[in-house]
Amino acid sequence: MIATAPGEDDGSYHGTFTVLWGSASGLTSGSAYKNPKYPDKGFAKDLAVGDFNADGKQDVVAVDDDNIWYLRGPFTKSGSRGTATNLDPTDGENISPDNVVAGKVTNDGTADFAVLGDDWDTDSNRVWFYKGSSSGPTKTKKVSLPSGASLMEAAATIADYDKNGYGDLTVGAPRTSTGGAVYILPGTSTGPSTSAKKITQSTSGVPGAAEFGDRFGSDVSAADTNGDGYPDLAVGVKGEMISDGPFPAGGVTVLRGSASGVTGTGSYLIDAPSLTNFWAELAD
């Protein structure tokens with residue numbers, strides 16, 4: 001398990017992440033890692049884990065406000081690790097990374113990752129895609145998110161919703177338009193597609209209605225929840241209101257994966273009242 005502490009300050013270095021080591025008795029000691037080069041920059045604002053160079057060892061990609069750090073494994077209990085490389089784009093781009101997410105996108109068996117952030121030069125939100133390989137990850141693609149998509153409080157996950165062999169990138173954008181949205185960028189052999197599918201609470205079959213403050217997309221996660229072999233998408237709706245009270249109780253909307261990808265068909269909302277009723281029925 002890895003825990004980030006971007007606000008950690010030891011008087012010199014700002015930000016750390018800690019690997020918490022497992023054992024037969026659970027999580028025990030931890031090993032902390034700092035910014036490899038810049039002590040005055042926030043570190044571990046977000047991170048992702050994967051074997052990005054196909055050597056059988058888990059690597060870490062950690063971002064701060066300006067840099068994309070690729071830290072090679074193995075990570076050890078003594079606090080050692082492999083070499084570090086700054087993968088910040090060097091082709092004249094000015095990027096401010098916000099999120100990083102790992103997964104198998106290109107169907108070559110090696111872990112890839114995507115960085116979400118602001119492109120200062122164009123004042124737009126982008127995805128920078130890094131393809132994993134035996135020689136390490138390489139930036140092969142950048143994709144602009146649709147106009148109006150906000151990365152404020154964004155979340156991301158990667159899953160192959162239609163089982164075509166390519167991982168699809170999902171971006172949760174809870175501060176987008178009225179009520180929030182998720183964007184699904186289908187995977188291809190070169191990375192996420194430039195054609196994004198937008199899903200909101202106004203999409204056919206999705207429960208609820210798009211209302212100000214719902215924050216649909218406040219978190220996203222993927223897994224096969226009904227055993228049909230297709231990953232489903234769970235979408236956090238942090239500000240969802242329910243009829244039993246005046247305050248937003250929040251909820252989770254589950255969207256089904258299928259041969260057509262993620263749609264609103266068969267989707268449902270889990271909120272506090274539905275969980276209460278579920279446990280009450282079990283007790284009976």
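Lys 45 forms a salt bridge with Asp 98, with 3.3 Å between the closest N and O atoms, where a salt bridge is taken as a side-chain nitrogen of Lys or Arg within 4 Å of a carboxyl oxygen of Asp or Glu. The pair links distant parts of the chain, since Lys 45 is in the loop between β3 and β4 whereas Asp 98 is in strand β8 (residues 95–103), 53 residues apart. The model is a predicted one, in which local features need pLDDT of at least 70 and side-chain atom pairs count only at pLDDT 80 or more, whereas totals for chains, interfaces and linings use all residues. Residues are numbered from 1 along each chain as its sequence is written, and side-chain values use heavy atoms, with hydrogens and water left out.

Ala 44 lies in the loop between β3 (30–34) and β4 (46–50), and its phi is near 60°, a positive value in a residue other than glycine. Ala 44 counts as buried because its relative accessibility is 0%.

The structure holds nine salt bridges, and two others among them share Glu 153 as the acidic partner. In one, the side chains of Arg 175 and Glu 153 meet at 2.9 Å, N to O. This pair again links distant parts of the chain, with Arg 175 in the loop between β13 (168–173) and β14 (181–185) and Glu 153 in the loop between β11 (138–144) and β12 (155–159), 22 residues apart. Arg 175 counts as partly exposed because its relative accessibility is 36%, and Glu 153 is likewise partly exposed, with a relative accessible area of 36%. In the other, the side chains of Arg 215 and Glu 153 meet at 3.3 Å, N to O. Because Arg 215 lies in the loop between β17 and β18 and Glu 153 in the loop between β11 and β12, the pair ties together parts that are 62 residues apart in sequence. Side chains of opposite charge can pair when their charged atoms come close.

Arg 215 has a further feature in its backbone, as its phi is near 60°, a positive value in a residue other than glycine. The loop that holds Arg 215 runs between β17 (197–199) and β18 (216–223), and the residue counts as partly exposed because its relative accessibility is 24%. The C-alpha atoms of Arg 215 and Pro 174 are separated by 4.2 Å, although the two residues are 41 residues apart along the chain. Pro 174 is placed in the loop between β13 and β14 and counts as buried because its relative accessibility is 4%. Leaving aside neighbours within four places in sequence, Pro 174 is in contact (heavy atoms within 4.5 Å) with residues including Met 152, Glu 153, Ala 154, Arg 215 and Phe 216.

A further backbone feature is found at Pro 74, where the peptide bond from Gly 73 is cis, with omega near 10°. Pro 74 is placed in the loop between β6 (68–71) and β7 (84–86). Most residues other than glycine have a negative phi, and most peptide bonds are trans.

Over the whole protein there are one helix and 21 strands, helices (H or I, at least four residues) and strands (E, at least two) being DSSP runs numbered from the N terminus. With 284 residues, a compact globule would have a radius of gyration near 19 Å, and the 20 Å of the protein agrees with this; the radius is taken over C-alpha atoms, and the globule rule is 2.2 Å times the number of residues to the power 0.38. Along the principal axes, the C-alpha atoms fill a box of roughly 55 × 45 × 35 Å. Buried residues make up 43% of the 284 residues. Among contacts between residues at least 6 apart in sequence, 43% join residues at least 24 apart.

Conventions
Buried means under 20% relative accessible area, exposed over 50%, partly exposed in between (1.4 Å probe, protein chains only).
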